[in-house]
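Please look over the sequence and the model shown here before reading on. The report is meant for someone meeting this structure for the first time.

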Amino acid sequence: MSDWFTEKLHDDFAQALKVDRVLFDSETEHQRLRVIENARFGRVLTLDDVVQTTEGDNAIYHEMMVHVPILAHGNVRRVLIVGGGDGGIAREVLRHKGVEHVTMVEIDAGVVDFSKQYLPMLSDGAFDDPRLNLVIADGADFMRETEGGFDAILVDSTDPIGPGEVLFTDTFYGHAKRALAAGGILVTQNGVPFLQGEELTNSMRAFKALFADATCYLATIPTYAGGPMAFGWGTDGNHRAVSLDTLANRFSTLGFEPYYYNPEVHKGAFGLPGYVRRLMP
Ligand code: SAM
């Protein structure tokens with residue numbers, strides 16, 4: 001491998017990371033897995049040559065996908081994670097003492113196994129938490145068949161290519177809606193709007209048909225190149241209206257200090273710039 005890793009997600013835009021060391025490089029049944037070491041971002045996980053998560057900036061993404069719905073809802077007990085094989089989402093969910101049960105449905109056991117070995121800081125013990133039930137399956141199949149009852153469904157998927165493609169369909173979103181408990185919240189990894197605007201528009205069109213409150217919120221993760229990333233948000237609850245004071249009260253009882261998330265960032269994340277608003281159906 002050359003001493004630079006170039007991400008191959010877009011035809012006309014790329015980012016490159018200097019490779020100080022290749023720690024792992026293998027094909028699983030589903031995708032090509034690599035872990036490289038970069039001076040600035042630490043260990044970097046790539047799947048099919050797309051950056052998935054890094055030691056250096058993973059907390060921004062994982063905290064924003066998890067703490068926004070859980071603190072907005074206020075009484076999340078049962079969580080479903082789709083994807084998330086590196087364990088970062090599970091790590092942040094399990095920090096919430098009120099969470100009683102987490103089901104994590106990951107299609108590729110290889111991602112879990114080698115994340116435990118090469119990226120243990122991402123899961124930080126989550127896979128050993130008795131509240132976690134790990135299911136190796138296609139998230140779309142699971143969602144079609146589950147009994148549901150989830151207060152939060154977090155879709156930490158790859159982009160809509162390869163195995164991840166099925167997680168961006170109306171059918172999947174419809175099954176996710178059915179799997180939510182009353183007032184539950186669906187959050188999805190929905191790409192970087194500046195480069196993947198169509199993906200967001202398509203998801204939001206489906207969300208608007210399914211949920212009373214359908215929008216997205218933003219956070220900027222340096223290695224998700226091209227500007228702020230969108231998190232799809234769908235719920236029939238009035239959770240977006242949660243006050244800053246209520247969030248601050250809930251935040252004060254967390255018992256840990258997030259790297260990125262706080263109540264002001266939470267509320268501000270839903271303030272969408274014009275170009276993102278214009279992508280909403
Ligand atoms: N945070 C990253 C991002 O924003 O691109 C995603 C990280 S996580 C590694 C993505 C996970 O989704 C991978 O472990 C991949 O195997 C999993 N995945 C992809 N398609 C899936 C499917 N249909 N069902 C379940 N998991 C899937």
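This is a predicted model: local features need pLDDT of at least 70, side-chain atom pairs count only at pLDDT 80 or more; totals for chains, interfaces and linings use all residues.

## The β3–β4 hairpin

Strand β3, which covers residues 21-27, pairs in the antiparallel sense with strand β4, residues 32-38, and the pairing runs over 6 bridges. A hairpin of 4 residues leads from β3 to β4, and Glu 37 in β4 is the bridge partner of Arg 21.

## Salt bridges

A search of the whole structure finds 13 salt bridges. In one of these, the side chains of Arg 32 and Asp 25 meet at 2.6 Å, N to O; Arg 32 is partly exposed at 25% relative accessibility, and Asp 25 is likewise partly exposed, at 38%.

Asp 49 and Arg 34 also form a salt bridge through their side chains, at 2.4 Å from N to O. Because Asp 49 lies in the loop between β5 and β6 while Arg 34 belongs to strand β4, this pair ties together parts that are 15 residues apart in sequence. Asp 49 counts as buried at 15% relative accessibility, and Arg 34 is buried with a relative accessible area of 8%.

A further salt bridge links Arg 91 with Glu 92, whose closest N and O atoms are 2.8 Å apart; Arg 91 is buried at 10% relative accessibility, and Glu 92 is buried at 2%. Salt bridges with shared partners join Asp 25, Arg 32, Arg 34 and Asp 49 into one network.

## Asn 190 in its loop

Asn 190 sits in the loop between β11 and α7, and counts as buried because its relative accessibility is 0%. Its side chain makes a polar contact of 3.0 Å with the side chain of Ser 203. Beyond its neighbours within four places in sequence, Asn 190 is in contact with several residues, including Phe 168, Tyr 173, Met 204 and Gly 232.

Definitions and conventions
Residues are numbered from 1 along each chain as its sequence is written. Side-chain values use heavy atoms; hydrogens and water are left out. Two strands pair if DSSP finds at least two bridges between them. Helices (H or I, at least four residues) and strands (E, at least two) are DSSP runs, numbered from the N terminus. Buried means under 20% relative accessible area, exposed over 50%, partly exposed in between (1.4 Å probe, protein chains only). A polar contact is a pair of N or O atoms within 3.5 Å; within protein, one must be able to donate a hydrogen and the other to accept it, and residues adjacent in sequence count only if both atoms are side-chain atoms. Contact means heavy atoms within 4.5 Å. A salt bridge is a side-chain nitrogen of Lys or Arg within 4 Å of a carboxyl oxygen of Asp or Glu.
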